[in-house]
Amino acid sequence: AMLSAGGAEATVHVARAVTSLSGAEPNRDALRDAGALPRMAELLLHDEAAVQQAAVQCVANLGVEASDAKAFLAAGWHLSLISLLSASSAEVQGAAAAVLGNLSSVPEFRDALLSDGALQPILQLLHTSALPARTAAVRALAIMSQQLMSPSLPADDAGAAAFVDAFFAADALPTLLAALGDERPREGVDGGTADREAVAVLLLLQSLSGGHGAVRPRLVAGGAVEALLRFLPAAARYDKGTSTGEMVDAAASTLASLALAAAAPPRIEQAGGVPTLLRLVESKKPAAVAPAARVLANLLRDEPPAGLPEAVAPALVQALSTAKPSAVVDLLSALSHVHGVCRNAFGGAVLAQLAAGLLKAVQDKENHEGCLASISLLSQLALRPEARAALAEAGLAPALRESAAAGWRCTELLLGI
C-alpha cells in the first residue's frame, strides 16, 4: 500500500526498502504471497530512474518464470527492462539481463526482445568487468539461443541468422572463451558466480555448435577448439559435484559437435586433443567419458589421421568394461567407428576384452539403447572368424539365446552366424 501512497521521494524509499527485504531468501516467499512481484514490476514504468532501478533488482531477487512472460509483454514492462540494460549501475544491468533471460524461454517474449532491440545491449554486457552482470548476460543469451539454434528450425531461419550475425559482429566469442580461463579482470568475484558464468558460457557454445551447422566453422576459426581442450582437463580434475559435471559434459559435447566441421580435426590434433580426450575416457567419470568418446567417434569419421584408430581402441575398450550405463552407447559408437575404418585395431587381448565388455552390455537389459548398440557392433564383429572365436570364448552365445528367448529378434541372426 505504501508504494501507492506519497510522492516520488517516498516511493523511492519504499521501493528500496522492499528491494532490501527481497535480498534475503527467507523473506521472498512472504513478499511473493503479498503480491510484491507484480507491484514492483509496475514500478518498472515509473518516471523516477531510482524507482525503476530498485524495482528491477527486487523483481530479479523474487524471480520470474515463463508463466509471467505474457503479463510483462502486455504491460510493456519488458521495454523498461531493455532500457535498464544500459543503466549506469552494473548491478542494475545484471538484474535486467537476469529477468529478461528467465522470460526469454517463451518464444513470443524472445521474439519481442529481438524486435525491440534487446540483443545489442545484452551482447555489450559481455564486455563488462562486473562478473554478475556479465554472467546474467551470458545466461540470457544461452536461453535465447536454445530455441533460435534448434535443429527443428530451418537452416535459413531469419531470427537465428540475425542472432548469429549479431553475436559475431559484437566480437562476443573471444569474450566467452576468455571466461573459460583466467584472462580477464573479475570484480567482486566469488567461486559460485564464476562457476555459473562458465556453465552459462558452455551452454551457449553448446547451443551454437549443435544447432545450425554453418556456425561451427566460425566457432572453430575463432579458437573454440583450443579453448575447450585447455578447459576440459582442468574442469575434470576440479571435482565440485554437479556444476563440474555439467561443465565437463557441455564442453566435451560442444567439442564433439565442432569435430564435425572440416577444419576441426587438424586443430584438435595440433592442440594435443587426442591424448586429452583419452585421459577423459580413462577417468571413469560419467560426465567426461561419454562426451569424450563422442568426440573421438566424430574424429574417426571418413578418413581419420593415420594411426588414430589403433591409438584409441585400447582405451575405449578398457572404458567399456567399467562404464556406467550412461556412457555405454557413446563408447560403443566410438568402437563401431574404429572397427569401420580399421578392423586390425582389435586383436589379441584387446579383442578378448572387447568381447567381455559386449557381453556385459548385452546382459544389461535395463539399458535398452546400450543393448541395441552392442548388438550392432556384434553384427560387424561376427563377420570376422577371429572375432567370432573371441565372442564365443567370452560366452556371448548363451547371452544371445537368453535375449532371443526374451523377444529380442535381432539376436537370432547373430546366433546363426
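Let's start at D171, which sits in the loop between helix 11 (158-169) and helix 12 (172-178). When I say helix, I mean a DSSP run of H or I with at least four residues, numbered from the N terminus. The phi of D171 is near 55°, a positive value in a residue other than glycine. D171 is partly exposed, with a relative accessible area of 47%. On that scale, buried means under 20% relative accessible area, exposed means over 50%, and partly exposed is in between, using a 1.4 Å probe and protein chains only.

Before going on, a word about what we are looking at. This is a predicted model, in which local features need pLDDT of at least 70 and side-chain atom pairs count only at pLDDT 80 or more, while totals for chains, interfaces and linings use all residues. Residues are numbered from 1 along each chain as its sequence is written, and side-chain values use heavy atoms, with hydrogens and water left out.

Now to another loop. D302 lies between helix 19 and helix 20, and its phi is also positive, near 55°, in a residue other than glycine. Is D302 buried or exposed? With 65% relative accessibility, D302 counts as exposed.

Follow the chain on from there and you come to helix 20, residues 308-322. Its 15 residues reach 22 Å from the first C-alpha to the last, close to the 21 Å expected at 1.5 Å a residue. That expected span is 1.5 Å times one less than the number of residues. The buried residues of helix 20 include L308, V312, A315, L316 and A319.

What do the buried residues of helix 20 pack against? They pack against helix 18 (273-282), helix 19 (286-299), helix 21 (325-341) and helix 22 (348-363). Contact here means heavy atoms within 4.5 Å.

Please find L316 on your screen. Leaving aside neighbours within four places in sequence, L316 is in contact with V281, A293, L296, L331, A334, L335 and V338. L316 also belongs to the largest nonpolar core, which has 154 residues, and those with the most contacts inside it are F72, L316 and L331. A nonpolar core is a set of buried Ala, Val, Leu, Ile, Met, Phe, Trp, Tyr and Cys residues joined through side-chain atoms within 4.5 Å. In soluble globular proteins, nonpolar side chains tend to be buried together.

Helix 18 is mostly covered, with seven of its 10 residues buried; among them are G273, T276, L277 and V281. After helix 18 comes K284, whose phi is positive, near 65°.

L255 is buried, with a relative accessible area of 0%. Not counting residues up to four places away in sequence, L255 touches V225, L228, L229, L232, I268, L277 and V295. L255 and V295 are 40 residues apart along the chain, yet their C-alpha atoms are separated by 6.4 Å.

Let's turn to charges. How many salt bridges does the structure hold? The structure holds nine, where a salt bridge is a side-chain nitrogen of Lys or Arg within 4 Å of a carboxyl oxygen of Asp or Glu.

One of them joins E197 and R134, with the closest N and O atoms 2.7 Å apart. E197 lies in helix 13 and R134 in helix 10 (residues 131-148), so the pair ties together parts that are 63 residues apart in sequence. Both E197 and R134 are buried, and the relative accessible area of E197 is 1%.

Another salt bridge brings together the side chains of D165 and R218, at 3.6 Å from N to O. D165 is in helix 11 and R218 in helix 14 (residues 216-221), so this pair ties together parts that are 53 residues apart in sequence. D165 is partly exposed at 44% relative accessibility, and R218 is partly exposed at 35%.

R384 and E386 form a salt bridge too, with their closest N and O atoms 2.7 Å apart. R384 is buried, at 6%, whereas E386 is partly exposed, at 42%.

Last, the cysteines. A search of the whole structure finds zero disulfides, a disulfide being a pair of cysteine sulfur atoms within 2.5 Å. C342 is buried, with a relative accessible area of 12%, and C371 is buried at 0%.

How values were computed:
Helices (H or I, at least four residues) and strands (E, at least two) are DSSP runs, numbered from the N terminus.
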